[in-house]
Amino acid sequence: MENCFALKGNIIWSRTPQALVFAPQHYAVCENGACAGVFAQLPERFASVRVEDLGQRLILPGFVDLHLHAPQYRNAALGYDMELLEWLDALTFHEEARYGEEAYARSAYHAFTQALLCTPTTRACVFATAHTRATLLLMEMLEQSGLETYVGRVNMDRNAPPELAEKDAAWALEQTEDWIERSLARFHRTKPILTPRFAPSCTPELLAGLGALRKRYQLPVQSHLCETIPEIEWVRSLFPDCADYASVYERFGLLSGDTPTIMAHCVYLSDCERQRVKNAGVFIAHCPSSNTNVSSGVAPVRSFLDDGMRLGLGTDVAGGEALNLLREASHAVSVSKLRRVLLGGKEGAVSMDEALYLATRGGGAFFGSAGAFEPGFVFDAVVFDDERLRPAQELTLRQRLEKLFYLGDEREVQAKYVGGRRVL
């Protein structure tokens, strides 16, 4: 059969946040880029398809990174003695300003793209910078990689270094619309996403214009929300007529609408903000490593899950130190345990099963039906060779998954498929 093949191995995916499916020595069938099902024996209609027998390797759905900053990749692991706002001023903004130089952007984005390709990530939502040419260059590289991504030209017209801030809202909106039209015409797997950096870096005029562009082009939105207490206080001083941080985005049509929104962090949502975020169908990008590294806090992910909120994981490089979503998922478990202790047991921890759900199916929902091996889902798959992690050990399939979850990295990634296309 054309456009059809099967992977045979130990197949694992999330049915719900609390229920992992283990299918040892099963066949995951891809038909026209979508999953046709997982079978103990190939059905007759698939009897003639090409089968890649992967032996005892583990096959998981592709991982989804809902929040990362490509131009900060070279800053990973630098400046973590600082808190967020100091860190942005001392390191981040100065690094991003360099992407106005095409040669620098080309070199740095090539390194980023190649590193991302080697991780378990198959889909990602990415911040670039305010430089249109460099952003299109990044999108071209990601398009060629075969990954499925959303990329945002970052908007900021105040509270940024002069070499990085756009000269005014009108100019920023003109440049952003030009970038939208050029990217829609050029790319298929790499899509534009509106990206106000965060409320403090945008004037009301810019936010209003971005809300209008969202309606005109029906684009999704990504930004930051309630990451630190000083940031929240800053927003209150800049937008005194807004009730809270979420109200700023709501006022300008950037929190809800016909297209989805991602808000990273959400560590300190008030009860009122939380309900409005849930009602708007916003995806929360939980970034535990970043929240630890720049002293932001610990998001209440246990209660987010219990409340049925839309939720996924983000590495938030370079707030997070690595592009490896396995590490991010394990950190999500670890920080939730610390939160449970600090709250005297009033809030439960996140389990491994739930963290894997967030890394795959939870974040995958932003892209539609992604992150699971179920009929109709896009066929995104990662093949892991975990032999390094289990020297001379006889382990159950679940125990092998636990080893991979806590110890695995890019060395275990043997192959990667995105929408049925092998990209690694």
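The model described is predicted. In it, Ala318 lies in the loop between strand S14 (310–313) and helix H11 (325–342), and a cis peptide bond joins Val317 to Ala318. The largest nonpolar core has 108 residues, and a search of the whole structure finds 3 cavities of 30 Å³ or more.

**Backbone geometry**

- Most residues other than glycine have a negative phi, and most peptide bonds are trans.
- The peptide bond between Val317 and Ala318 is cis, with omega at about 10 degrees.
- Asp316 is found in the loop between S14 and H11, and its phi is near 50 degrees, a positive value in a residue other than glycine.
- Asp316 counts as buried because its relative accessibility is 5%, the cut-off for burial being under 20%.
- Ala392, in the loop between strand S15 (381–384) and helix H13 (397–407), has a positive phi as well, near 55 degrees.
- Ala392 is exposed, with a relative accessible area of 90%.

**Nonpolar cores**

- Within the largest nonpolar core of 108 residues, those with the most contacts are Tyr109, Phe112, Leu138, Leu225, Tyr245, Tyr249 and Phe384.
- Helix H2 (residues 102–117) gives the most to this core, contributing 8 residues.
- A second, separate core of 19 residues includes Ile11, Val21, Ile59 and Ala415.
- Apart from residues up to four places away in sequence, Tyr245 touches Phe198, Ala199, Pro200, His224, Leu225, Cys226, Glu231, Ile232, Val235 and Glu273.

- The largest cavity has a volume of about 130 Å³.
- This cavity is lined by 15 residues, of which His69, Leu84, Leu88, His224 and Glu227 are the closest to its centre.
- Strand S5 (63–69) and helix H1 (84–97) are the elements that give two or more residues to the lining of the largest cavity.
- H1 gives the most to that lining, with 3 residues.
- By class, the lining of the largest cavity comprises 4 nonpolar, 7 polar and 4 charged residues.
- His224, among the lining residues closest to the centre of the largest cavity, is also among the residues that Tyr245 touches.

- His131 is found in the loop between strand S6 (121–127) and helix H3 (132–145), and it is buried, with a relative accessible area of 18%.
- The side chain of His131 reaches the backbone nitrogen of Gly100 at 3.5 Å.
- Leaving aside neighbours within four places in sequence, His131 is in contact with Glu96, Ala97, Tyr99, Gly100, Glu163 and Leu164.
- Leu255 is found in the loop between helix H7 (245–251) and strand S12 (261–265), and it is buried, with a relative accessible area of 1%.
- Not counting residues up to four places away in sequence, the contacts of Leu255 are Arg214, Ala246, Tyr249, Glu250, Thr261, Met263, Ala280 and Val282.
- Tyr249, one of these contacts of Leu255, is also one of the residues with the most contacts inside the largest nonpolar core.
- Leu255 and Pro220 are 35 residues apart along the chain, and their C-alpha atoms are separated by 9.7 Å.

Terms used:
Residues numbered from 1 in each chain as written. Predicted model: local features only at pLDDT ≥ 70, side-chain atom pairs only at ≥ 80, totals over all residues. Heavy atoms only, no water. Helix = DSSP H or I, 4+ residues; strand = E, 2+ residues; numbered from the N terminus. Buried < 20%, exposed > 50% of the residue type's maximum accessible area, 1.4 Å probe, protein only. Core = buried A, V, L, I, M, F, W, Y, C linked by side-chain atoms within 4.5 Å. Contact = heavy atoms within 4.5 Å. 1 Å grid on protein atoms, 1.4 Å probe; cavity = no way out; pocket = protein on both sides within 12 Å on 5 of 7 lines; lining within 4 Å. Points joined across faces, edges and corners; volume = space filled by probe spheres on them. Nonpolar A, V, L, I, M, F, W, Y, C, P; charged D, E, K, R; others polar. Polar contact = N/O pair within 3.5 Å; in protein donor to acceptor, adjacent residues only side chain to side chain.
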